[in-house]
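Notebook open, structure loaded. I wanted to look up strand pairing, helix packing and aromatic rings.

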Amino acid sequence: MVKVKKSEYILLSRTLIKKLYDETCFGKGSLYLDNLKKGIPNELLDKVETVLNALINQNICNKKKKTHGWKYFLNIKRLDKIREIIKEKGNSSIIPILLMI
């Protein structure tokens, strides 16, 4: 696994959650990893899977196996936390606090 800094984690998780939310990926709709990586800076591309696995551990995001690989989608039961993460601005974030729970 690739080591991810706290600032990179906050930035990536917010970006990935926003992408999934904008595409309305709540179970039926989902995105492949390749599509999630589009638009992310090259130096952060190798850290996307690590961040997604952390989001899965927090039950914010889920994944399902398909013929062409894994597809990722948001957990509708955590919609309040997802909206809170999307709204927040700056360096202060709820995401690291969620990791400790």
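Strands here are DSSP E runs of at least two residues, helices are H or I runs of at least four, both numbered from the N terminus, and pairing takes at least two DSSP bridges between two strands. Lys 66 sits opposite Gly 69 in S3. The open sheet has 3 strands in the order S1-S3-S2, paired antiparallel. Its edges are S1 (31-32) and S2 (61-66), each pairing on one side only.

A note on the source: this is a predicted model, with pLDDT of at least 70 needed for local features and 80 or more for side-chain atom pairs, while totals for chains, interfaces and linings use all residues. Numbering starts from 1 along each chain as its sequence is written, and side-chain values use heavy atoms, without hydrogens or water.

Next, the helices. I found H3 lying across S2 and S3, at about 110 degrees to S2; axes are lines fitted to C-alpha atoms, for helices over the stretch in contact, and angles run from 0 to 180 degrees between N-to-C directions. H1 (residues 6-22) packs on H3 (residues 48-57) at about 75 degrees, axes 10 Å apart. The two are therefore roughly perpendicular (65 to 115 degrees). In contact (heavy atoms within 4.5 Å), Tyr 9 and Leu 12 are among the H1 residues, Val 51 and Leu 55 among those of H3.

Last, I searched for aromatic pairs and got 1 (ring centres within 6.5 Å). Tyr 21 and Phe 26 have centres 6.0 Å apart and planes at 85 degrees, so they are edge-to-face (over 60 degrees).

Technical notes. Parallel < 35°, antiparallel > 145°, perpendicular 65-115°, else oblique. Phe/Tyr/Trp six-rings, centres within 6.5 Å; stacked < 30°, edge-to-face > 60°.
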